[in-house]
Amino acid sequence: MTKSEKTRQFIIEQSAAIMNKKGVAGTAISDLMEATKLAKGGIYGNFESKEEICTEAFNYLAGKIASGLDNAVTSKSTAREKLFALLDYYQDNLAPGDMGGCPLLNFGTEADDTNVELKTLVAKAVKRSQARMTKLVEEGKASGEFKKSTDASLFAIKMFAMIEGGIFASRVTSSKTFMKTVVDVLKNEIETL
């Protein structure tokens with residue numbers, strides 16, 4: 001990586017957590033300057049606009065989640081274990097307050113009416129998440145773990161929506177109860193697929 005590429009990546013990484021917590025509209029360039037210890041020119045010398053930083057920050061966060069999910073399932077051998085590992089990852093890493101919650105939820109809520117490019121990126125990330133879940137259910141059907149009649153795609157939509165709802169409710173109420181309940185309900189349902 002060149003020095004310029006390293007600086008750009010540093011700005012993205014420092015901006016990502018701030019934007020995920022404060023939102024795109026709520027994040028001022030001064031917030032990014034404070035986090036990176038760079039002058040305004042140092043930031044805009046690497047990016048054309050705040051929107052470009054936002055897009056790159058979302059891509060960075062979505063990539064971190066995808067890697068985390070990949071790592072969570074790597075050591076698991078059955079589809080059931082892999083689905084449980086996904087649920088545990090969401091509960092342990094996205095519901096707590098450290099990172100600011102799920103960037104798909106945060107960026108998507110803000111971008112749905114204001115930023116077509118970001119909305120498109122979030123929609124693709126949502127579809128990738130659902131595709132991951134669908135694939136695992138299909139693997140379970142193929143291995144005989146789950147009933148052949150199970151609609152993998154429908155279950156993935158339900159699982160994703162419940163996870164995001166659990167994250168949202170847990171964060172706004174500062175209570176782990178919502179997410180724990182969602183995870184328990186989904187694990188019970190996975191046991192009967």
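User: How are α8 and α9 oriented to each other, roughly parallel or roughly antiparallel?

Analyst: In this predicted model, α8 and α9 are roughly antiparallel to each other, a label used for angles over 145 degrees, whereas under 35 counts as roughly parallel, 65 to 115 as roughly perpendicular and the rest as oblique. Helix α8 (residues 152-173) and α9 pack at about 160 degrees with their axes 7 Å apart, where axes are lines fitted to C-alpha atoms, for helices over the stretch in contact, and angles run from 0 to 180 degrees between N-to-C directions. The helices themselves are DSSP runs (H or I, at least four residues; strands are E, at least two), numbered from the N terminus.

User: Which residues of α8 and α9 meet there?

Analyst: From α8 the contact takes in Phe155, Lys158, Met159, Met162, Ile163, Gly166, Ile167, Ala169, Ser170 and Thr173, and from α9 it takes in Phe178, Met179, Val182, Val185, Leu186, Glu189 and Ile190, with contact meaning heavy atoms within 4.5 Å. By class these residues divide into 12 nonpolar, 3 polar and 2 charged, where Ala, Val, Leu, Ile, Met, Phe, Trp, Tyr, Cys and Pro count as nonpolar, Asp, Glu, Lys and Arg as charged, and the others, Gly among them, as polar.

User: And what about α5 against α9, at what angle do their axes cross?

Analyst: The axes of helix α5 (residues 79-94) and helix α9 (residues 177-191) cross at roughly 175 degrees and come within 10 Å, and α5 and α9 are therefore roughly antiparallel to each other. On the α5 side the residues are Arg80, Leu83, Phe84, Leu87, Asp88, Tyr90 and Gln91, and they meet Met179, Lys180, Val183, Leu186, Lys187, Ile190 and Glu191 of α9. The contact of α5 with α9 has 8 nonpolar, 1 polar and 5 charged residues.

User: What lies over the face of Phe84?

Analyst: Lys187 does, at 5.2 Å from the ring centre; the criterion is that NZ of Lys or CZ of Arg is within 6 Å of the ring centre and within 35 degrees of the ring normal.

User: Back to Gln91, what does it touch beyond its sequence neighbours?

Analyst: Leaving aside neighbours within four places in sequence, Gln91 is in contact with Pro96, Met179, Lys180 and Val183. Gln91 counts as partly exposed at 24% relative accessibility, on a scale where buried means under 20% relative accessible area, exposed over 50% and partly exposed in between (1.4 Å probe, protein chains only). Its C-alpha is 15 Å from that of Asn71, which is 20 residues away in sequence.

User: Switching topic, how many aromatic pairs are there?

Analyst: The structure holds 2 aromatic pairs, a pair being rings of Phe, Tyr and Trp (its six-membered ring) with centres within 6.5 Å, and planes under 30 degrees apart count as stacked, over 60 as edge-to-face and the rest as tilted. The rings of Phe58 and Phe107 have centres 5.5 Å apart and planes at 55 degrees, so that pair is tilted. This pair links distant parts of the chain, with Phe58 in helix α4 (residues 50-74) and Phe107 in helix α6 (residues 103-111), 49 residues apart. Phe58 is buried at a relative accessible area of 1%, and Phe107 is buried at 2%. The rings of Tyr89 and Tyr90 have centres 6.3 Å apart and planes at 75 degrees, so the pair is edge-to-face. Tyr89 counts as buried at 15% relative accessibility, and Tyr90 is buried at 3%.

User: How many helices and strands does the chain have?

Analyst: The protein chain has 9 helices and 0 strands, and 43% of its 193 residues count as buried. Residues 24 or more positions apart account for 67% of the contacts with a separation of 6 or more.

User: What should I keep in mind about the numbering and the cut-offs?

Analyst: Residues are numbered from 1 along each chain as its sequence is written, and side-chain values use heavy atoms, with hydrogens and water left out. Since the model is predicted, local features need pLDDT of at least 70 and side-chain atom pairs count only at pLDDT 80 or more, while totals for chains, interfaces and linings use all residues.
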